[in-house]
Amino acid sequence: ALPLARGSSLHILYFTGVNNTAAVCARVREPGLEFAALNAKMIAGPMQLIAAAHQALHAQERGKLATHALCSELIFAASASKQISGAFKTFGLSEDNTDIVLATFDAAAVPELREMVDGTEAPPDSLSS
């Protein structure tokens, strides 16, 4: 867990060689478990996600979430795009990705996220594009 401002924390899970990306993509659209699913090849490192998390939390505090959900705001903030659809197309997960990043602000979600992915977990520090 990476501590953020105001008592929040970001949990970043990085997986390589993922065999069930389609199932992960389907799960992100279901209600309940709050997480962002990203294409790992587009992430320069954990600091990019930390900066995006700060930006998303700030937007939430001001009531200005462009995407209407904190985890999707994280994806939008990680992108340089000013268009939500462009950010999701470039940074979001697609079914052909085998290296993925899952990020959540909810520590209780981490075990379920780990269990959901059929791949090898790697340290977030090893993320680079």
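In the predicted model, Ser-85 is located in helix α4, which spans residues 84–91. Because its relative accessibility is 52%, Ser-85 is classed as exposed, the threshold for that class being over 50%. Between the C-alpha atoms of Ser-85 and Thr-67 the distance is 10.0 Å, with a separation of 18 residues in sequence.

Strand β3, comprising residues 36–39, is covered on both of its faces: Ala-36 and Leu-38 are buried on one side, and Ala-37 and Asn-39 are buried on the other. In a regular strand, side chains alternate between the two faces of the sheet. The pairing of β3 with strand β4 (residues 100–104) is antiparallel and runs over four bridges, and within β4 it is Leu-102 that stands opposite Ala-37.

The largest nonpolar core holds 24 residues, of which Leu-10, Leu-38, Leu-49, Leu-74, Val-101, Phe-105 and Leu-127 touch the most other members. At least two residues of this core are supplied by each of β2 (9–16), β3, α2 (46–61), α3 (70–78) and β4, and the largest share, six residues, comes from α3. When residues up to four places away in sequence are not counted, Leu-127 touches Ile-12, Tyr-14, Ala-40, Ile-43, Ala-44, Gly-45, Pro-46 and Val-101.

Key. Residues are numbered from 1 along each chain as its sequence is written. This is a predicted model: local features need pLDDT of at least 70, side-chain atom pairs count only at pLDDT 80 or more; totals for chains, interfaces and linings use all residues. Side-chain values use heavy atoms; hydrogens and water are left out. Buried means under 20% relative accessible area, exposed over 50%, partly exposed in between (1.4 Å probe, protein chains only). Two strands pair if DSSP finds at least two bridges between them. A nonpolar core is a set of buried Ala, Val, Leu, Ile, Met, Phe, Trp, Tyr and Cys residues joined through side-chain atoms within 4.5 Å. Contact means heavy atoms within 4.5 Å.
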